[in-house]
Amino acid sequence: MQRGAGSRFQRWQFRDGRPNWSGRIMSRVMGIAFAMGIGPNQAATLEVRGRKTGRTISFPVVVVPYEGDRYLVAMLGDRTNWVRNVRADNHAVLLKGKRENVSVVEDFSGHRPAILRRYLELAPGARPFFPIDRRAPLGDFERMIKEYPVFRVAPAV
């Protein structure tokens with residue numbers, strides 16, 4: 001796990017798996033930029049429907065390409081709201097300069113350790129939330145797959 005001041009600040013922003021005021025502002029700004037296509041190639045914004053309110057919720061994500069498919073990883077783990085919302089309704093909109101209606105389905109394949117490692121390679125902002133280095137052997141990632149859900153992104157049906 002990274003230990004620098006920036007990493008501590010990021011963990012403070014998302015303490016207990018929920019963003020504080022600073023984390024919400026940062027997520028909002030990044031979400032707007034990523035939706036417009038501004039940012040790293042893998043950055044996008046995901047819009048999902050809230051399972052309780054029905055309101056559209058948007059947040060920045062890193063889309064992980066792996067063996068011809070696209071994946072999302074919950075950097076804050078299983079308890080995050082977006083994970084609960086996607087599990088309740090797998091329909092979403094992926095924004096990156098254009099709108100794409102997608103289906104987001106939890107992945108339980110044996111590829112999850114490799115996808116997690118690839119995610120950490122592509123998402124430096126997520127590294128402070130993982131207790132493992134991105135260069136760790138796949139076996140170390142295998143032990144973490146239940147803590148960090150992986151979702152496959154597919155065209156909406």
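Trainee: What makes Glu121 and Arg118 a salt bridge?

Mentor: The cut-off is a side-chain nitrogen of Lys or Arg within 4 Å of a carboxyl oxygen of Asp or Glu. Here the N to O distance is 2.9 Å, so the pair meets that rule. Keep in mind that this is a predicted model, where local features need pLDDT of at least 70, side-chain atom pairs count only at pLDDT 80 or more, and totals for chains, interfaces and linings use all residues. Residues are numbered from 1 along each chain as its sequence is written, and side-chain values use heavy atoms, with hydrogens and water left out.

Trainee: Where do Glu121 and Arg118 lie?

Mentor: Both are in helix 4 (residues 112-122), three residues apart, about one turn of the helix. Helices here are DSSP runs of H or I with at least four residues, strands are runs of E with at least two, and both are numbered from the N terminus.

Trainee: Why is Glu121 called partly exposed?

Mentor: Buried means under 20% relative accessible area, exposed means over 50%, and partly exposed is in between (1.4 Å probe, protein chains only). Glu121 has 37%, so it falls in the middle class. Arg118, at 31%, is partly exposed too.

Trainee: What makes Arg49 and Asp89 a salt bridge?

Mentor: Their side chains come to 2.3 Å, N to O. Arg49 sits in strand 1 (residues 43-49) and Asp89 in the loop between helix 3 (81-88) and strand 5 (91-95), so the pair ties together parts that are 40 residues apart in sequence.

Trainee: Is Asp89 buried or exposed?

Mentor: Buried, because its relative accessibility is 16%. Arg49, with 46%, is partly exposed.

Trainee: How do you know that Arg143 and Asp140 form a salt bridge?

Mentor: Their closest N and O atoms are 2.2 Å apart. Arg143 counts as exposed at 63%, while Asp140 is partly exposed at 26%. Elsewhere, salt bridges that share partners join Asp78, Arg87 and Glu106 into one network.

Trainee: How many salt bridges are there by this rule?

Mentor: The count comes to eight.

Trainee: Why is Val29 called exposed?

Mentor: Its relative accessible area is 53%, so Val29 passes the cut-off for that class. Val29 is in helix 2 (residues 21-35).
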